[in-house]
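Please look through this model with me.

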Amino acid sequence: MTVVHPVSFESNEVITTTPEDTTAVEPAGPTFHQLGLPQPLVTALERRGIHRPFAIQTSALPDALAGRDVLGKAATGSGKTLAFGLPLLARIGAEAQQGHRAPRGLVLVPTRELAQQVHDALAPLGQSIGVQLTTVYGGAPMYRQIQQLRRGVDVIIATPGRLQDLISQGECSLTEVVVTVLDEADFMADLGFLPVVKELLDQTDRNAQRLLFSATLDGEVDSLVRRYLKDP
């Protein structure tokens, strides 16, 4: 098993409410194009002033873009949102869906704050290639989330409990999901969410691509990796 251990960029971080991928000083190294990212996404990144990937992105993107499962050990501020978000958008954007859009990408996160942060980082990039994203989390009106799901979305960024509630009500299905991301898996384990996470993963295609990022990889997270990831 290969585990990505990025170097730390904490000294370059700027404390702000915007996602970490757009606030730290860019490192030297290969370009996104050299890592295989499709040109429309490269262009969308450049328009946002993002030209070179961080270490976790450099390590994760080639395998993730090739469709492999990826296991990343990454702390907040390391640039992991784009490390999983760019391959997710690249694949969903390349597989155009005709008619009503059913979710084909799923990002599970532990908190509503992180769900919104991931959405804010990825939604403009998705819009540039015609990929529609939405957030699903507790503490917000459910009917608005149901309306969005009924209109059709490509990617759901969700907390486990609220997503499970919507599925139970028949408002969402994960049968067409081809890429699943687990972000901050250790935090989800600490909050007791892993039983629900497993129930959700069991509803997706067992051959779907899995991208899991966590600050620690032992205990319950390790059991999750061994059960759901294929040769990450």
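1. G130 comes after α4, and its phi is positive, near 80 degrees. Helices (H or I, at least four residues) and strands (E, at least two) are DSSP runs, numbered from the N terminus.

2. This is a predicted model: local features need pLDDT of at least 70, side-chain atom pairs count only at pLDDT 80 or more, and totals for chains, interfaces and linings use all residues. Residues are numbered from 1 along each chain as its sequence is written, and side-chain values use heavy atoms, leaving out hydrogens and water.

3. What span should α4 have? Its 17 residues, at 1.5 Å a residue, should span 24 Å, and the end C-alpha atoms are 24 Å apart, which agrees. The expected span is 1.5 Å times one less than the number of residues.

4. α4 bends by about 35 degrees at L122. The bend is the angle between axes fitted to the seven residues ending there and the seven starting there. P124, a proline, follows within four residues.

5. Buried residues of α4 include L114, V118, L122 and L125. Buried means under 20% relative accessible area (1.4 Å probe, protein chains only). The buried residues of α4 pack against elements including α1, α3 and β2 (105-108), with contact meaning heavy atoms within 4.5 Å.

6. The largest nonpolar core has 40 residues, and V107 and F213 touch the most other members. Such a core is a set of buried Ala, Val, Leu, Ile, Met, Phe, Trp, Tyr and Cys residues joined through side-chain atoms within 4.5 Å. α3 gives the most, with eight residues.

7. Which residues does V107 touch? Among them are F84, L88, V118 and V181, not counting residues up to four places away in sequence.

Notes. Buried means under 20% relative accessible area, exposed over 50%, partly exposed in between (1.4 Å probe, protein chains only).
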